[in-house]
Amino acid sequence: MKRVLLVEDHDPDALLLMELLELAAAPWEVKHVKTFREAALRWPEGQFDALLLDLDIPDGFGLELLARALQVVQDVPVLVLSGLINPEVAVRAVQLGARGYVLKGFGAAEQLVELLDPSP
């Protein structure tokens, strides 16, 4: 089972994503925090396999936040979550090192699973 840290400040979005992952039978244990500070503090002891990062949280925004996250997690996959369709930011996020850029909503769980647990 993968341990995943979700950084999302909007509780309904976090709850929806966790429920969708459960419905998709994702073999993940998801821990939820609301700020980057909380994520950075939990990261060393959490032994997480991935970081799911909303790019608009109280203590960080956009690609600058992603760059900070990539420094903290080092070689662990980071998947960006966004409520906005923004191809330019999506491309730039992947160029910076994100595993993928996923739109929040009903298709997010399947995309996340595909990006983290690709079928052989």
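Predicted model: local features only at pLDDT ≥ 70, side-chain atom pairs only at ≥ 80, totals over all residues.
Reader: How many bridges join strand β1 to strand β2?
Author: Strand β1 covers residues 2–7, and strand β2 covers residues 28–33. The two run parallel. V7, for instance, has V33 of β2 as its bridge partner. The number of bridges joining β1 to β2 is six.

Reader: In β3, which residue is the bridge partner of V4?
Author: β1 also pairs with strand β3, residues 50–54. That pairing is parallel and has four bridges. Within β3, the partner of V4 is A50.

Reader: At roughly what angle do the axes of helix α1 and helix α5 cross?
Author: Helix α1 spans residues 11–23 and helix α5 spans residues 108–116. Their axes come within 8 Å. The crossing of α1 with α5 is right-handed. The angle is roughly 65 degrees.

Reader: By class, which residues make the contact of α1 with α5?
Author: α1 supplies L17, L20 and L21. α5 supplies A108, A109, L112 and V113. No polar and no charged residues take part, so by class the contact has seven residues that are nonpolar.

Reader: Is A25 buried or exposed?
Author: A25 lies in the loop between α1 and β2. Its phi is positive, near 60 degrees, though A25 is not glycine. The relative accessibility of A25 is 60%, and the cut-off is over 50%, so A25 counts as exposed.

Reader: What is the relative accessible area of Q47?
Author: Q47 sits in the loop between α2 and β3. Phi of Q47, a residue other than glycine, is positive, near 50 degrees. Q47 is exposed, with a relative accessible area of 65%.

Definitions and conventions: Residues numbered from 1 in each chain as written. Heavy atoms only, no water. Axes fitted to C-alpha atoms, helices over the stretch in contact; angles between N-to-C directions. Left-handed = near helix turned anticlockwise from the far one by under 90°. Contact = heavy atoms within 4.5 Å. Pairing = 2+ DSSP bridges. Buried < 20%, exposed > 50% of the residue type's maximum accessible area, 1.4 Å probe, protein only.
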